[in-house]
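Here is a short briefing to read alongside the coordinates. Have the viewer open, and let's walk through it topic by topic.

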Amino acid sequence: MDMQISIASFILRKLFRLALLLIAVAIFSFVLISLSPIDPIDAYVGADMLQVSPEQREIIAQRWGLDQPMMTRFGLWLGQLASGNLGMSMIFNQPVSAVIGSRFQTSLQMLAIAWVLSGTLGLAMGVLAGARAGSWLDRIIRFYAYTLASSPTFWVALLLLIVFSVSLKVTPICCATPLGMLTKDVTFWQRLHHLILPAATLSIIGVANIALHTRQKLIEVLNSDYVLFARAQGETLTGIIRHHGLRNIILPALTLQFASLSELFGGSVLVEQVFSYPGLGKATVEAALRSDVPLLVGIVFFSALFVYTGNTIADLTYQIVDPRIRMGKST
Amino acid sequence: MAISSFPRRTAIRFNRRQRTLGAIALCTLFLVAIVLSNQFMGDTGLDPVLTQRNQPPSFVHWFGTDWLGRDMLVRSLHGMSLSVRVGLLAASFSAIIGTGLGLAAGTLGGKVDAVITWIIDVFFSLPHLVLLIMIAFAVGGGTKGVIIAVALTHWTSLARIIRAETLQVNSSDYVQLSYKLGRSPVWIARHHMLPHVIPQLLVGLILLFPHAILHEAALSFIGIGLSPHTPAIGIILSESMRNLSTGYWWVGVLPGLLLLLAVKAFDTLGENVRALLDPKTSQG
Amino acid sequence: MLLVQDLSITFTMYDRGLAQKQLAVITQLDLDVQAGEVVAVVGASGSGKSLLAHAILGILPDNAQVSGTILFKGEPLTPHRCRDLRGKSIALIPQSIGYLDPLMQVGRQVHRTAQLSGLSQPAAKAAVDRTFHRYGLAARVKRLYPFQLSGGMARRVLVSTAVVSQAELVIADEPTPGLHPDIVTETLNHLRELASEGKGVILITHDIEAALQIADRVAVFYAGTTVEIAQAQDFPSGKIRHPYTQALWRALPQNEFIPIPGSQPNPEALPLGCLFSDRCSWVTPECQSDRPPFLQVRGAPVRCIHADR
């Protein structure tokens, strides 16, 4: 019962902070767009206006408050956003929410694979490197991780594209599906074939950071008092890692995993550009290059929501898994 | 008391300290060389030489030539110099913002601290690149856009570090005593805070540059950054994508490699300076 | 059972600007422990007493240089032998709950200790139950986490780790700081019991009164070296020999409560002669030129050339 109450209050607090965050992002976006040569309301209305009859234009003008002062327009705009009307995307001629929905689905497949791969490989490499700190294996892993952490994402993507798609010709040069095919005709394997290289690129880069941090955490654990005592009892290195190491790094590792969502999203913008993969990342670039304000703002909100959800889940796992928090410090 | 294996310890001492100083010297030289290469080369190598198009790397053209016959090494160095300078500029602005806000949050505390911390949290809630694109777009793109975007987004990590350091120093006993003894906040800042804050600032600043440069390259690659007429590395790479299926890999791979090396040099420099200033974090 | 001769431990550390410095934490330490007796190692906090325990167990950090001899049951303790013996024949009772894994139930941790000492699964389980029962710990304690234990329970769990292993040599590292006097007495009695069962017990502490409650002999530790190894009854009867030991005794609240002026020498720069010379009232020029050797005075080893006063 206690635990349920604390989880409920935790979720409520998080929702409140989410609301604050989204309002902040809204203000931020509105101000930014106002500073730009483009008027935010014009951008939203403009896209809408293209489609409609004069009577409806009146209604729309009222809805967005075209001739009202700034604050009122901001309020109305916020209201529209809150009720789910994110506006119309100029580029795609669809409601922004629909565009984000479908493009995110495409990105999701790639992101999910990259996320899982980078998490598991990163953990494994980090544990290996930390357990054998100072050895040649550690050096190799560290060299790889540090190099990749300093690499431009789009360059690594380009490199992989050149090696695998141009030279070896084992993967396609672009897109999520073979060109000219109807969506319903595309098989699962073809989709996989197209997303394997983008997913691999993101994984390779994501592994670096996770491996380095996991290694650091494991080294901290191995230098702790309780590991010293375990050694005093005759525990071998493998025994220590099995019984104490993994247990004590799993929580930081999870936090790291969820925090990597932010980097992953950012990386996907570049990777999708290189592979011409029609996901949310590529849509972001198009929106910026072609001044599609509603879409860009919509994506900003969405990404904030995405990252925030990830971080919240990480926090939640801490609440549930760490016995010190779960049972409350009684000392 | 007889202490064994004395020669071994001298050898280790030579290695570690000399290695750190050597690394610092090497990296600094490399980076300065890149930035100054602009002065030495002038505008040579940027004009098309149509007789030497699309040549793979050789002893004459280390990085090969592109479809207009321009030497890729020269182009890359120009671009790298440009990127480094832009990155340095943007990062410096960022550092000023970050240090200022970090110090303010740490010393003034209370509401100011809460507001600044919350702002930092909001910045961390958005993916970095999305934020950059948004700001660059709003400001109108171009070099100005990149510098402003990078400057406005990279200050958060530094602010956090400086804030933590300031809070720690502020709450320590000897500073409390100084306040009670009537020393002015300025005096305290100069004599107590600065010695602690400056090492962190220096290391943070050095490590800020590579991020700034990478992000500038990313924005240029996408097309929102530096003008397509400049040889910025991001631009070079995005141009190379147009000729991908021709198999002329050196046009994209090698310039990117140079970027990687420059970023790595900055990172190594920062890590070694940190090792020198704060051996605790590098005892391992 | 245990014989330590001329043990020296030096650490190499990195300072600002990556300069190296040497810390001579332990110099010329001599100690011996027989089966069935409690030997207390008494010294000021931070004088490196815990390092003695780590040296015997072979778990010193890599930047430590060790010289001297440690013999366990007549055979030298090589790193290889340490690996075989620790947890089985030699056990450590750590200082605090901080030495237990915070995310693991204490029952499982003690069970693991029992397994590491060579017991099979069922035998280990039985040993844990038996030991917990012996120390009055209810069965449900096994499922608690370290942070949930009270001071007394914590102490008893830590003692259990040594007892389940059936070790012959038990090293108790600072078992008494910050505890309620009743719990202190209880803890010390547990250690006395272990000695009565035929084990050798080393009690490392800064609390000389606690030590005298249960110890057979007391090794006085100063600045990284042993200055005297006296019988416990030498203290109240006034037979203690070394000037530092005498000063320590005088400094107790129930005695004259006179503190000793000055402080311990810096391990980065130890003096050439006797380590106590800068604070000693008997000091002569010969004291400051050479380190005094261990001499037998009135039946016990002392490191002072003026001890026969």
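**Briefing: chains A, B and C**

Read from the N terminus, chain B has its elements in the order α-α-α-α-α-α-α-α-α-α. Please keep in mind that this is a predicted model. The points below cover chain B, its contact with chain A, a helix pair in chain A, and two residues of chain C with positive phi.

**Chain B overall**

- Chain B contains ten helices and zero strands.
- Along the principal axes, its C-alpha atoms fill a box of roughly 75 × 65 × 30 Å.
- Of the 284 residues in chain B, 44% are buried.
- If you take the contacts in chain B between residues at least 6 apart in sequence, 69% of them join residues at least 24 apart.

**Where chain B touches chain A**

- Chain B brings 37 residues to the contact, and chain A brings 38 residues.
- On the chain B side, the elements giving two or more residues are α4 (128-139), α8 (185-222), α9 (233-242) and α10 (250-277).
- The largest share of that side is from α4(B), with nine residues.
- Sorted by class, the side of chain B that touches chain A holds 26 nonpolar, nine polar and two charged residues.

**A helix pair in chain A**

- In chain A, helix α5 (residues 96-131) packs against helix α10 (residues 237-275) at an angle of about 145°, and their axes are 8 Å apart.
- The crossing of α5(A) with α10(A) is right-handed.
- On the α5(A) side, the contacting residues include M110(A), L111(A), W115(A), L123(A) and V127(A).
- On the α10(A) side, they include L237(A), I241(A), Q257(A), S260(A) and L264(A).
- By class, this contact of α5(A) with α10(A) has eleven nonpolar, six polar and no charged residues.

**Positive phi in chain C**

- As background for a backbone check, most residues other than glycine have a negative phi.
- D6(C), which is not a glycine, has a positive phi near 55°, and its place is in strand β1 (residues 2-14) of chain C.
- D6(C) counts as partly exposed because 14 other C-beta atoms lie within 10 Å, between the limits of 12 or fewer for exposed and 20 or more for buried.
- Q28(C) is not a glycine either, yet its phi is positive at about 50°, and this residue lies in strand β2 (residues 20-33) of chain C.
- Q28(C) is also partly exposed, because its count of other C-beta atoms within 10 Å is 19, while buried would need 20 or more.

Technical notes:
Residues are numbered from 1 along each chain as its sequence is written. Chains are lettered from A and ligands numbered from 1 in the order in which they are written. This is a predicted model: local features need pLDDT of at least 70, side-chain atom pairs count only at pLDDT 80 or more; totals for chains, interfaces and linings use all residues. Two residues are in contact if their C-beta atoms, placed from the backbone, lie within 7 Å. Helices (H or I, at least four residues) and strands (E, at least two) are DSSP runs, numbered from the N terminus. Ala, Val, Leu, Ile, Met, Phe, Trp, Tyr, Cys and Pro count as nonpolar, Asp, Glu, Lys and Arg as charged, and the others, Gly among them, as polar. Axes are lines fitted to C-alpha atoms, for helices over the stretch in contact, and angles run from 0 to 180 degrees between N-to-C directions. A crossing is left-handed if the near helix is turned anticlockwise from the far one by less than a right angle, and right-handed if clockwise.
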